[in-house]
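This report describes the architecture, dimensions and surface of a single protein. Please consult the sequence and the structure shown below while reading.

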Amino acid sequence: LKEGEFMPFIQFDGGQMTKEQKMELAKRLTDVSHEVLGIPIEAFSVLIRENSMDNIATGGQLLSEKHKK
């Protein structure tokens with residue numbers, strides 16, 4: 001990176017994924033960001049966080065409860 005350029009950080013929150021899915025997601029997120037921004041691929045960091053439906057709520061109700069119905 002040149003002086004004044006930033007090191008981009010990509011954060012993805014989603015459900016449970018396999019290692020293979022996470023690898024592909026990280027690659028694709030990095031590739032498309034590189035294409036759009038023109039920043040070297042090596043500069044990107046990707047954080048993938050997996051969440052269970054017990055940890056996410058919409059409309060005040062846990063997703064795990066909504067999906068029981």
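How many bridges join strand 1 to strand 2, and do these strands run parallel or antiparallel?

The model discussed here is predicted. Strand 1, comprising residues 9-14, and strand 2, comprising residues 45-50, run parallel and are joined by 6 bridges. Within this pairing, Gln11 has Leu47 of strand 2 as its bridge partner.

## Overall architecture and dimensions

The protein contains 2 helices and 4 strands. Along the sequence, these elements follow the pattern β-α-β-β-β-α. The radius of gyration is 16 Å, whereas the globule rule gives 11 Å for 69 residues; the protein is therefore more spread out than a compact globule.

The C-alpha trace spans about 50 × 25 × 15 Å along the principal axes of the protein. Of the 69 residues, 16% are buried.

## A nonpolar surface patch

Which residues make the nonpolar surface patch? Phe6, Val32, Val36 and Leu37 form this patch, with an area of about 420 Å².

One of these residues, Val36, is located in helix 1. The relative accessibility of Val36 is 67%. Val36 therefore counts as exposed, given that the category requires over 50% relative accessible area.

Methods
Residues are numbered from 1 along each chain as its sequence is written. This is a predicted model: local features need pLDDT of at least 70, side-chain atom pairs count only at pLDDT 80 or more; totals for chains, interfaces and linings use all residues. Side-chain values use heavy atoms; hydrogens and water are left out. Two strands pair if DSSP finds at least two bridges between them. Patches are made of residues with over 30% relative accessible area and no salt bridge: like charges are joined within 9 Å, nonpolar side chains (Val, Leu, Ile, Met, Phe, Trp, Tyr) within 5 Å. Accessible areas come from the Shrake-Rupley method with a 1.4 Å probe; for residues, only the protein chains shown count as cover. A salt bridge is a side-chain nitrogen of Lys or Arg within 4 Å of a carboxyl oxygen of Asp or Glu. Buried means under 20% relative accessible area, exposed over 50%, partly exposed in between (1.4 Å probe, protein chains only). The radius of gyration is taken over C-alpha atoms; the globule rule is 2.2 Å times the number of residues to the power 0.38.
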